[in-house]
Amino acid sequence: MSDQYRVAFVGFDADTDSQNAIERLAAKLGVSKQKVESFTQGKPLFGSTDKSKCLKQVKLLAIYGFQSKVLEVQTSVSQPNNAANERVFEALDYITSSLIRIEEKLEELEQRIDGQQKNDDDKEQDQWQSDDLFDELDLDTEPKPKSKKLLYTLLSILIVLLIVLGFSLAFPEMVQF
């Protein structure tokens with residue numbers, strides 16, 4: 001990662017009218033006079049960038065009578081972002097591993113249910129075959145549809161977890177880990 005720099009206001013040249021310089025710079029940059037005035041009071045006019053661009057910005061300001069200097073931007077600002085990103089990745093890893101475990105449990109339950117239904121079907125078929133009365137009847141009924149209550153419950157849990165994750169990404173200051 002390259003170093004980031006920012007241009008800071010030092011003062012006006014001795015032969016420069018401050019109001020005139022502010023108006024001309026605002027017109028050149030296409031910004032409001034208030035933004036240039038706030039630059040003279042210590043607020044940044046340009047975003048942080050590499051050193052060569054900052055030197056070009058200093059030259060531009062010098063043309064309009066501004067004295068400025070290049071300051072290095074503190075890198076400690078990026079450390080909280082790295083920590084926040086690390087927490088997000090840990091949360092995503094936890095959610096992913098939880099979903100995998102839930103999916104495995106769901107498959108296990110489906111196998112158990114399928115095994116029980118096959119046993120029940122075999123028992124019912126044996127009873128139907130021994131009963132001569134029902135052999136004459138043509139009973140083509142559809143099997144009962146499986147209950148999707150467990151699937152919908154797991155799906156709703158997944159949606160809630162994704163919403164919580166979205167809020168934690170959108171508003172990290174509201175979420176405390």
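I began with Glu23, which is partly exposed, with a relative accessible area of 40%. The model I am reading is a predicted one.

**Entry 1. The salt bridge of Glu23**

I looked up the partner of Glu23 and found Lys33, whose side chain meets that of Glu23 in a salt bridge with an N to O distance of 3.5 Å. Glu23 belongs to helix H1 (residues 18–29) and Lys33 to helix H2, so this pair ties together parts that are ten residues apart in sequence. I then checked the cover of Lys33, and at 33% relative accessibility this residue counts as partly exposed.

**Entry 2**

How many salt bridges does a search of the whole structure find? I recorded two. Besides the pair already described, I found Arg112 with Glu108, where the closest N and O atoms are 2.8 Å apart. Both residues lie in helix H4, and because they are four residues apart, about one helical turn separates them. I also looked up Glu108, which is partly exposed at a relative accessible area of 39%.

**Entry 2. The chain as a whole**

I next listed the elements of the chain and counted five helices and two strands. Read from the N terminus, their order is β-α-α-α-β-α-α. The chain has 177 residues, and buried residues make up 17% of them. I recorded an accessible surface of about 14,000 Å² for the chain, with 54% of this belonging to carbon and sulfur atoms. I also looked at contacts between residues at least 6 apart in sequence, and 72% of these join residues at least 24 apart.

I turned to Cys54, which is found in helix H3. Is Cys54 buried or exposed? I noted that Cys54 is buried, its relative accessible area being 0%. Leaving out residues up to four places away in sequence, I found that Cys54 touches Tyr5, Arg6, Val7, Thr49 and Val70. For one of these, Arg6, I recorded the spacing as well: Arg6 and Cys54 are 48 residues apart along the chain, and their C-alpha atoms are separated by 6.4 Å.

Thr49 lies in the loop between helix H2 (33–40) and helix H3 (51–63). The relative accessibility of Thr49 is 14%, so this residue counts as buried, the limit being under 20%. Apart from neighbours within four places in sequence, Thr49 is in contact with Asp3, Gln4, Tyr5, Cys54 and Gln57.

I looked up Thr40 and placed it in helix H2. At 21% relative accessibility, Thr40 counts as partly exposed. With residues up to four places away in sequence set aside, Thr40 touches Phe9, Phe12, Ile22 and Phe66. I also recorded the distance from Thr40 to Ser18: these residues are 22 apart in sequence and 9.6 Å apart in space, C-alpha to C-alpha.

I then located Asn20 in helix H1. Asn20 is partly exposed, and its relative accessible area is 36%. Between Asn20 and Tyr64, 44 residues apart in sequence, I recorded a C-alpha to C-alpha distance of 9.1 Å.

**Entry 3. The second largest pocket**

My last search concerned empty space. Rolling a probe the size of a water molecule over the atoms shows where such space is left. I looked up the second largest pocket and recorded a volume of about 310 Å³. The elements giving two or more residues to the lining of this pocket are helix H4 (78–130) and helix H5 (149–170).

Which element gives the most to the lining of the second largest pocket? I found that H4 does, with six residues. The lining includes Leu106, Leu109, Glu110 and Ile113, together with Lys146, Ser147 and Lys148. Leu150 and Leu151 are also among the lining residues.

Note on methods: Residues numbered from 1 in each chain as written. Predicted model: local features only at pLDDT ≥ 70, side-chain atom pairs only at ≥ 80, totals over all residues. Heavy atoms only, no water. Buried < 20%, exposed > 50% of the residue type's maximum accessible area, 1.4 Å probe, protein only. Contact = heavy atoms within 4.5 Å. Areas by Shrake-Rupley, 256 points an atom, 1.4 Å probe, with all protein chains shown as cover. 1 Å grid on protein atoms, 1.4 Å probe; cavity = no way out; pocket = protein on both sides within 12 Å on 5 of 7 lines; lining within 4 Å. Points joined across faces, edges and corners; volume = space filled by probe spheres on them. Salt bridge = Lys/Arg side-chain N within 4 Å of Asp/Glu carboxyl O.
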